[in-house]
Amino acid sequence: MAILTRVIPPEEDGATVRHILRSRLRFSSHAVSRLAHGGPCILVNGVPVHTPHVLRAGDVLTVETEDRRPPKTTITPGNWPLPVVWEDEHLLVADKPPGMTAHASNFLPDTPTVAGALAWSRGADFIFHPVNRLDKGTTGLMVVAKSGYIHDLLRRQLHTADFRREYRAVCVGCPVPGQGTVDAPIGRDESSTVARRVRPDGLPAVSHYRLLARGDGLSLLTLLPETGRTHQLRVHMAHLGCPLAGDWLYGTEDPALISRPALHSYALTLVHPVTGERLELAAPLPEDMSRLLRLHFPQNAE
């Protein structure tokens with residue numbers, strides 16, 4: 001059970017529990033409302049209290065952050081491998097394999113899911129809160145919060161210096177110049193139910209790229225998304241004329257090269273929303289991308 005504890009200092013004497021939850025512990029108004037109606041989640045000196053309770057200096061306020069309400073949708077557990085590279089009582093970071101979606105989809109009902117894999121390993125009552133979602137074909141680091149409270153704090157960090165994502169990608173061709181920024185809005189492509197495209201009336205989208213190696217008509221890149229639009233990195237690389245290898249939607253499908261878009265969530269830096277610790281994590285390239293580099297790049301490309 002994840003618990004937050006705060007000893008009330010003299011300068012907060014006379015504050016209400018609601019005020020401390022909102023201003024010091026950064027609970028949203030919706031989260032405070034959930035706590036207020038979710039049972040004995042708030043204790044002062046070990047005694048259950050309501051949010052209007054007035055605190056005194058030296059009081060020990062403890063708050064449960066776990067969700068007490070059942071999930072809105074039923075998750076089907078599945079015995080699918082899902083390596084977890086970091087975890088505590090508040091959040092975990094998984095290394096998502098290819099071919100796995102975040103949630104179950106009506107279009108792909110039999111596809112392995114991150115939610116199902118975690119329900120299998122953590123119990124069917126595990127409530128799934130994905131922070132940074134990855135496409136089915138994208139591999140690598142994915143953050144999952146263990147409560148709505150932690151999810152809300154991490155979502156506020158996204159696209160700031162406190163939550164930095166770095167991808168590795170292999171594209172067809174070579175972008176010119178070898179380092180730069182794509183600042184091109186992205187919106188829906190009316191000709192497709194799933195595709196996106198660069199369009200003037202789209203939502204702002206910014207991606208940074210840097211060339212790492214070239215070989216055999218392909219390029220290995222570092223990609224840094226500044227925003228988080230659907231398919232952003234895939235769309236932006238196609239916009240540069242260098243679609244990702246294996247990208248059937250924005251480039252050319254080539255199973256002999258790689259059976260999915262060659263995109264991997266390689267490194268992640270985030271500030272833990274409770275402890276303040278700076279986490280710096282990395283996940284090695286999966287086998288299909290490593291094979292691509294061995295066959296088409298110099299040996300030192302990785």
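I take buried to be under 20% relative accessible area, exposed over 50%, and partly exposed in between (1.4 Å probe, protein chains only). I am working on a predicted model, where local features need pLDDT of at least 70, side-chain atom pairs count only at pLDDT 80 or more, and totals for chains, interfaces and linings use all residues. Residues are numbered from 1 along each chain as its sequence is written, and side-chain values use heavy atoms, with hydrogens and water left out.

**Salt bridges.** I looked for a side-chain nitrogen of Lys or Arg within 4 Å of a carboxyl oxygen of Asp or Glu. By this rule I get 15 salt bridges.

**Glu12 and Arg6.** I found a salt bridge here, with the closest N and O atoms 2.6 Å apart.

**Arg56 and Asp13.** I also looked up this salt bridge, whose closest N and O atoms are 3.1 Å apart. Arg56 is in the loop between β3 (47-48) and β4 (60-64), and Asp13 is in the loop between β1 (3-7) and α1 (17-23), so the pair ties together parts 43 residues apart in sequence. For these labels, helices (H or I, at least four residues) and strands (E, at least two) are DSSP runs, numbered from the N terminus. I note Arg56 as partly exposed at 45% relative accessibility, and Asp13 as partly exposed with a relative accessible area of 39%.

**Glu166 and Arg168.** I read 2.5 Å between the closest N and O atoms of this salt bridge. Both Glu166 and Arg168 are buried.

**A network.** I traced salt bridges that link Glu190, Arg197, Arg199 and Asp201 in a network.
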